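Biologist: I'd like to learn how to read a helix in a model. Could you walk me through it?

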Amino acid sequence: MAEKISRRSFLKLSAAAGSAVLAWEAIQNAFAPVEAQAADAHLVTSENDVIVPGVCTLCTAGCGVLARVADGRVVKLEGSPMHPINQGALCPKGQAAPELLYNPDRLTSPLKRDRATGQTEAISWDEAAALVAEKLSAARDAGHPESVAMLYGNTRGQQRSFFSRFMQAVGSPNFVSKESLNVAAAKLGMLLTQGIYALPVYDLENSNYILSFGANLLEAGWNPQRTISGWTYGRRGRPTRNKIVIIDPRQGIHGAKADEWIPIKPGTDAALALGMAYVIIKSNLFDSEFVHEYSFGFDDFAADGKTHKGFKNFVLENYDPQKVEQITGVPATTIARLAGEFATNKPAVAILPGKGGLLNGSIEGVYAAMAVHMLNALVGSIETKGGVLTQQYFPLPDYPALPSDAVAKKGLAAERVDGAGTLFPLARHAYQAVADRVLEGYPLEVLFLYDANPVYEVPGGAKFVEAFKKIPFIVSFSSFMDESAEHADLILPEPTFLERWGDDHIEGLGYPGIALRQPAIAPLYDTMDAADFLLKVAEKMGGTLAKAFPWKSYQEVLQFRLKDIGMDWETLKELGVWLVPGYRYAKRGGERWVNEIIGRDRAKSPRDGHFDFFSRELYALLGKKNKADLASLGITQLGDGVALPHHEEAPVFGDGELMLNVFTLMSLGPKTEAANMPTLMEISGMTVGETWNSWLEMNPETARELGLKDKDMVWVESPAGKVKTKLRLVKALRPDVVNIPYNFGHTAVGRFAKNRGVNGLELLNPASEPLTGLAAFTNTRVKVSKS
Amino acid sequence: MPKWSMVIDLDKCVACQACSVACRIENNTPVVPPEEAELGRAMRWNDVFPMPINPTEETGEYPKVKTQYMTRPCMHCENPPCIKVCPVGATFINEEGIVEQNYARCIGCRFCTVGCPYGVRYFNWYKPEWEAPLAEHLNPDRVEGNGVLEGPAERPLGVVEKCTYCIHRLHKARAQAEAEGRDFRADEYVPACVQTCTGKARFFGDLDDPNSTVTQLAMSSRSFRLLEDLGTHPKTIYLREG
């Protein structure tokens, strides 16, 4: 960083010897004729320019990039015009990627850390692999391979199946995704209605009416670039302009750019969606064919010798717009108008939130996700142009069958460390719960962290520091010494996405596609791809592990898995992208409809191609439970009501009056390392004119009542903690909500991230939702006072 | 002779700031120390900001409030006030309408930063520095000559810099065409911000060509220029929202 220089010292400096030459030259130049100089001006550039295609990893979108390598240095990234998600565009994170590659705080070799002293020393990859192999073998020899766990975040392409295979070969079910922090609520909403556990794909380009529930569409979300492309095409790329309505307590950029912003009371999205369903049903504007031929539980029905309540009567009895107005704060006339517009401007689509979404928090969030997705079903927008599509993939060759292994078999049958499927019956993953479970006695011997920094990124992350003390051996694959890597025994830095091999499923458009990531330059440092490292470990372990992983490198794994996509390896390397554009719609009721579109992932109810308005999965799980049991899950309904989406008052954490919303920014995004990219830190506070610092957004009315002024330093306090940050007043925000941006307040990572602002997650409820294992992101109430 | 112009459709701009960062990486604008950035001395030739700048001053009262966002490169005025106040000819408008900045001639008087009504001129209070190895990513492209230093070239202490519509890219595209023995086409040249725009809100081209996209868009009923009444005649043209 340049030294701080006052104007006075600057003038002195100018007079100093070095600058005097410059000044003299400038004066000489100043007297030369401009025209003569201009005639002489010519381009000076690099001698050797190469363009290497790849895929960005700075968020979950996976945009195709073209790296310009000038004389061996990566000097610029452009979006790849071949890649259908970004179509040549590239967001600020991708543009700033050279600051990731050449970051001064990157780890340059594998490190071993002494827990007693905290000192680290460099070790070789061979030593590291031998050490990991020894620990894994010990866990297996002891008959407890389930004591090995891997927490993972953004795994791309074949990475997830590769890591998952590794964990299976070791014999542990503990392969835990961080999706319980972000997209799991949306996926559960999909599972309990449409019967597939996957993120929906929205055909935004062709939609005439977009209704977004809490999805921070233009800043965060699981695929921000995809949303932006669809959004702007719908505005100006076609003869008719679409209408976009944003339902979110915070206006943000999406609300500002939309046609209408509905500042809903937080935690009441289910009621609003059901209020709209009421109007659509009452006005007979629903898609009768879909509802009657391809759905279950719309009307009352008979089963097990009794009559069950269907969605239609349940909604008509409970959610008339006047009542919904009381719950949501949205006027009944607005609800009726939105419902009418939605049902008569087809194709229309109702969007679920992902990261930055407002549904995670309580069972209400899952019911809300169901209710929102049911709006799509009501107007017949499932599997239609301008509606909701289902992501398709290339069929890839299966990995060879795993060798039979009694130890692994026993381990895989063990309960998961996060309690998914047991403690949290509906959860696939409960990332944040791992700390509690370890502290409560789940024995973990070895923990891998891949793109996982739970100490920072989980509400109440400090408990992970305690949990880590109980885990004897922790391995982090982080490229930076982040808050979690600081507690690891081995830190095995991965190269950045510009220095390694990898692939990407192109997701978000429906049709299948593969993008290839390849090294733009050779790794700068002594780093290794995590997959390559695990291959080395498997080899050292020998036996079933070595048999399960016959490949020499991860690149070989990719070549094996991608051999049948219809594109040879050399051409794929050259183009970077291979896809089969054009979404194949499944015919309602046809074979693909039943196998792929509706009901595919149901476990406890029929896969009959019927969309559930009455969730048979939920009924199987909860239908017979008594009132007390349901109350402990936060559900006030009984019997049929548990299977139908409805509004539940979310339990509140803290006795403050302001709901705290920790939101994700376009600039800093979801990944820890972005906070150490100086340009992203500099531009992060654009909406309020802040830089290099976090802030608390508050409505000016609320501030007036609390006696606070813009730019005051304030304490924000919840039962979980207390942080001090700068207050910024924002009119376009509900008065009962305050916001803190995510990815500030790091205590580690590097010089640019460290000690810049506060981490709002420290204030959030550290609990997990009892049924689904979702992190409680949205039910914290804080107090704000002048510091 | 082309007349270069940029059109920005605010209906498609989603204030993502990709233009700001693309510009920085392409043109080697330095990251100033955080304390300096807080004083408003960040060097972003293309900045994105809310209108009004202080969100508390938004017009309307909750919930009838709508924030607006603006993105602002150099206007490349046809009648640029900045060049009139430059005592040394360091900034000038070339035949193709680009307002250039020659670091080699600039004496750092900062008249131009005051003369520019759009605030798009930035002064180097420091010698630009990058902590090792960040300097590795610096763009090697620059425009040089006897007494000429322009484009992404590393700036000396105490000179003014500004958006040049990525003039080195124009030189490069022309050199490429020449090397291939053919005529240069206007669509071969596009500034970094236009190329990266996530919402495809930016268009670039020749305003003298009646068939170019920018000419067509400039005639749109939605088009406007910033501070038109000053008579600066910007060639960066906006299309309003809605």
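Predicted model: local features only at pLDDT ≥ 70, side-chain atom pairs only at ≥ 80, totals over all residues.

Biologist: Which residues of α5(B) are buried?

Modeller: They are B:Ile167, B:His168, B:Arg169, B:Leu170 and B:His171. Their cover includes β1 (42–44) of chain A, together with β5 (99–101), β7 (142–145) and β8 (148–150) of chain B.

Biologist: What follows α5(B)?

Modeller: Look for B:Gly181, which has a positive phi, near 65°.

Biologist: Now, how do I read the sides of a helix?

Modeller: Start with the general idea: an α-helix has 3.6 residues a turn, so residues three or four places apart point the same way. Now try helix α6 (residues 125–141) of chain A. Its buried residues are A:Ala128, A:Ala129, A:Val132, A:Lys135, A:Leu136, A:Ala139 and A:Arg140. Because these cover an arc of only 140° around the axis, they sit on the same side of α6(A).

Biologist: Which residues are exposed on the other side of α6(A)?

Modeller: A:Asp126 and A:Asp141 are exposed there.

Biologist: What span should α6(A) have?

Modeller: With 17 residues at 1.5 Å a residue, α6(A) should span 24 Å, and the end C-alpha atoms are 24 Å apart, so that agrees. After α6(A) comes A:Gly143, with a positive phi near 80°.

Note on methods:
Residues numbered from 1 in each chain as written. Chains lettered and ligands numbered in written order. Buried ≥ 20, exposed ≤ 12 C-beta atoms within 10 Å, placed from the backbone. Helix = DSSP H or I, 4+ residues; strand = E, 2+ residues; numbered from the N terminus. Contact = placed C-beta atoms within 7 Å. Expected span 1.5 Å × (residues − 1). Arc of directions from axis to C-beta.
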